[in-house]
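This report is meant for a reader coming to the structure for the first time. Please look at the sequence and the model below before reading on.

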Amino acid sequence: MTTTAQVRSPLATPDGAGTRPDRTTKPGARRLSPLNILAFLALALMAIGWLLPFLWAVATSFMTETDAASGGSWIGPSGPTTDAYAAILAQGNVYIWAFNSLWTSAAVTAITVAISAMAAYAFSRLEFPGRKFLFGAVIASIVVPPQVLIIPLFYEMLAFNLVDTPLGLILPQVVAPAMVFILKKFFDQVPIELEDAARVDGAGRVRVFWSIALPLSRGILAAVAIFVFISTWNNFLWPFLIINDTNLMTLPVGLQTVISAYGVQYAQVMAQAVLASLPLIVLFLIFQKQIVRGVATTGFGGT
Amino acid sequence: MTTTAPAASTATVVTGRPGARVRHATGERRETAAAWGFLTPFMIAFVLFLVWPLLHGLYLSFTDQSLTGAGGGFVGFANYAEALGDPVMWRSLGNTVWFTILSTVPLVLLALVMALLVHRGLPAQWLWRLSFFMPYLLASTVISQIWVWIFNPQIGAANRVLAWFGLEPLAWLQSPDTNMYAIVIATVWWTVGFNFLLYLAALQNIPAQQYEAAAIDGAGPWRQLWSITLPQLGQVTVLIVILQMLASLKLFDQAYQMLGGVASDTTRSIVQYIYEAGFVGYRFGYSSAISYVFFAIIVIIGVVQAFAMRRRGEQS
C-alpha cells in the first residue's frame with residue numbers, strides 16, 4: 001500500500017504538466033491506482049443508488065396512468081407521454097403556488113440575510129453594554145425547536161390579524177439565530193486593519209459595514225442566502241398551519257392538498273414532484289461551487 | 001490587539017462625522033448607538049417571533065386554553081401532570097428517540113464514507129455532489145410522494161428489490177412492524193447530503209502538508225486515513241452528531257405525510273402529538289405543555305453535549 005506514496009513523487013516535480021489543478025484533490029490520490037478504481041466503483045454505485053429513487057419518479061411521471069398503476073418499469077407498455085404534466089399544468093393553481101413559493105421565499109431570504117448580517121456585524125465589531133449577554137441569548141435560542149413555538153406564534157398571528165396572509169407566512173420565518181452565529185464567526189475573521197484604514201479616512205460604521213464588510217463576505221452571504229432559500233422553499237409545517245386560502249398556498253402545501261384529493265394518480269403525483277423540485281435543482285447546479293465553499297467558510301470545517 | 005483598535009477608531013469618529021446628534025457624547029456611547037442601529041431590526045424580530053412566543057407558550061402550558069378562546073383559566077401543573085401520565089405522550093417520545101437513534105448512525109457514517117470517496121478527487125465531481133446532495137433540495141412533500149410510491153406493496157420498487165434477493169414482499173408503510181424503518185430509509189436518503197457537505201468541507205480544510213509529510217515518512221493511504229484524516233475529523237463529527245440529533249428529534253413532516261396524515265402508534269413523533277393536541281384536538285394549553293416537556297429534553301441533551309464538547313476541547 002506504499003505504492004501511491006511512490007507514485008506521488010514524480011507528480012510533485014515540474015514535469016507533471018498534465019495534472020489538473022483540482023481543488024478537491026488531496027495529495028496521494030491522483031493516479032489510476034487499484035485503490036482509486038475501487039473507490040470509483042464504490043462511488044458510482046452509491047451515486048446510482050442515491051439518484052435512482054428520483055430517476056424512477058421522473059420515469060413514472062412520463063407514463064400513462066394505466067402503465068404507472070400497473071408498476072411499469074422505466075418506460076411503460078404504452079410508451080412515454082407527457083399527459084401527466086399536461087394534466088397538472090392545466091390545473092392552473094400550480095402556477096399560483098409556484099409564484100407564491102418564489103416570492104415569499106425570496107422575501108424571507110432577503111429579510112433574513114439583511115437583519116442577520118447587520119446583527120452579526122454588531123456582535124462581531126462593536127462594543128456595547130450587554131453584548132455578551134445578548135449574543136449568548138441568540139446562541140442559546142438555536143436549540144429552540146421551531147415546533148415548540150407554533151402554537152403561541154399562531155396566537156400572535158391571530159392577534160395581529162395575520163392568519164391567512166402572506167405577512168403572517170413570511171415574518172415568523174425571518175429569525176435565524178444560527179445564521180447570525182455563522183456570519184458573526186465570519187466577520188471575526190475579517191482583518192480589522194482593513195476597517196481601521198477606512199475609519200482613519202473618516203468613514204462611519206455604516207460606510208465601513210456597507211463598503212468593506214459586506215463586499216468581503218459576498219461568498220458567505222450567498223451561501224447563507226441559498227440555505228435560507230432552500231429551507232424556506234421546502235418549509236411545510238408553518239405554511240400548512242397559517243395558510244388556508246388556496247390562492248395563497250406555497251407549492252409544498254398546495255401540492256399536498258392535490259395529492260390528498262387525487263392520491264392514486266401516480267403519474268400525476270410524480271409529475272408534480274418533479275415540477276416542484278426542478279427550480280431548486282437548477283439553483284444548486286448554478287450555485288454548487290458557492291454552496292460547497294460556503295459550507296467550508298462557515299468555519300464548520302477544520303479548526 | 002483589541003485594546004488599541006477601539007481607541008484609535010473612537011478618536012476618528014468624533015472628529016470624522018460632524019453633524020451627528022451624538023457629537024458630544026463619548027466614543028463609547030456613540031459606539032453603543034451604532035450597535036443598536038445595527039441590532040434593532042434583528043432584535044425586534046427575535047423578540048416578537050422567538051422570545052415572546054417562547055414565554056407565551058410557557059404561560060399557555062399552565063392554562064386550559066383552546067383555539068376558540070374558550071377556557072383559558074389557570075390550571076397550574078395539571079397539563080404537565082396529565083402529559084407525564086399520558087401513555088400516548090410517552091409512546092410518541094419513545095418513537096422519536098428510536099427514530100433519532102436509527103437515523104443518526106447511518107446519516108453520520110454514510111455521509112463520512114461519501115465525503116471520503118468524493119474527496120479523493122476522482123473525475124466528475126459535480127455529478128457526485130449533485131447525486132448525494134440533490135435529495136436535500138426536495139420538499140418533504142416531494143420526498144414523501146416518491147417514497148410512498150417506492151414503498152407501495154403491490155407495484156413499488158422496494159418490494160422488487162427484495163424480490164431480486166429472493167425475499168418476501170413487505171407492507172412497508174402499512175405494517176406497524178416496518179413503517180418506522182421505511183421512514184428512516186426515506187429520511188437517510190433525503191438528508192444525508194447536508195452532512196456529506198459538512199464532512200467534505202472539513203476534509204478540504206486539512207492541510208495538504210500533513211499528507212505530504214506522512215507520505216515522505218512512508219505512510220500509505222490507509223495509514224494516512226487512520227492517522228491523519230479521521231483524527232482531524234473528530235470535531236466536525238461531534239458537530240454533525242449534535243446537529244443531526246437535534247434535527248432527528250424534530251421528526252414530523254415526512255412521517256406525517258408518508259402515512260397520509262394518519263396517526264400511527266409506531267411512528268407518531270412528539271412533534272406530531274404536539275400538532276394533534278393543538279390543531280386537531282384544539283387543546284392549546286395541553287399541547288404547549290407537551291412542547292415544553294419536549295423542549296426540556298432537547299435542552300438537557302444540548303447541555304450534556306456542550307459539556308462533553310468542552311471536556312474534549314480541554315483535552316486537545
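This is a predicted model: local features need pLDDT of at least 70, side-chain atom pairs count only at pLDDT 80 or more; totals for chains, interfaces and linings use all residues.

The largest share comes from H2(A), which supplies 7 residues to the lining of the second largest pocket.

## The largest cavity

A search of the whole structure for cavities of 30 Å³ or more finds 6 of them, and the largest cavity holds about 70 Å³ of space. Among the residues that line the largest cavity are Ser101(A), Thr104(A), Ser105(A) and Val108(A), as well as Thr232(A), Trp233(A) and Pro252(A). Two elements of chain A, helix H5 (93–125) and helix H12 (218–234), each give two or more residues to this lining.

Of the elements that contribute to the largest cavity, H5(A) gives the most, with 4 residues. Sorted by class, the lining of the largest cavity has 5 nonpolar and 7 polar residues, and no charged residues.

## Salt bridges in chain A

Side chains of opposite charge can pair when their charged atoms come close. Over all chains, the search of the whole structure finds 6 salt bridges. In one of them the side chains of Arg125(A) and Glu195(A) meet, at 3.0 Å from N to O. This pair links distant parts of the chain, with Arg125(A) in helix H5 of chain A and Glu195(A) in helix H10 (residues 192–200) of chain A, 70 residues apart. Both Arg125(A) and Glu195(A) are buried.

Another salt bridge brings together the side chains of Asp188(A) and Lys184(A), at 3.1 Å from N to O. Here both residues lie in helix H9 (residues 177–189) of chain A, where they are 4 residues apart, or about one turn of the helix. Lys184(A) counts as buried because its relative accessibility is 16%, under the 20% cut-off, whereas Asp188(A), with a relative accessible area of 39%, is partly exposed.

In chain B, Arg283(B) forms a salt bridge with Glu82(B), and the closest N and O atoms of the two are 3.0 Å apart. The two residues are 201 residues apart and link distant parts of the chain: Arg283(B) is in the loop between helix H13 (270–280) and helix H14 (284–315) of chain B, while Glu82(B) is in helix H3 (residues 78–84) of chain B. With a relative accessibility of 37%, Arg283(B) counts as partly exposed, and Glu82(B) is also partly exposed, with a relative accessible area of 35%.

Salt bridges that share partners join Arg125(A), Glu195(A) and Arg205(A) into one network.

Terms used:
Residues are numbered from 1 along each chain as its sequence is written. Chains are lettered from A and ligands numbered from 1 in the order in which they are written. Side-chain values use heavy atoms; hydrogens and water are left out. On a 1 Å grid over the protein atoms alone, a cavity is a set of points where a 1.4 Å probe fits but cannot get out, and a pocket is an open set with protein on both sides within 12 Å along at least five of seven lines; lining residues have an atom within 4 Å of a point. Grid points are joined across faces, edges and corners, and a volume is the space filled by probe spheres set on the points. Ala, Val, Leu, Ile, Met, Phe, Trp, Tyr, Cys and Pro count as nonpolar, Asp, Glu, Lys and Arg as charged, and the others, Gly among them, as polar. A salt bridge is a side-chain nitrogen of Lys or Arg within 4 Å of a carboxyl oxygen of Asp or Glu. Buried means under 20% relative accessible area, exposed over 50%, partly exposed in between (1.4 Å probe, protein chains only).
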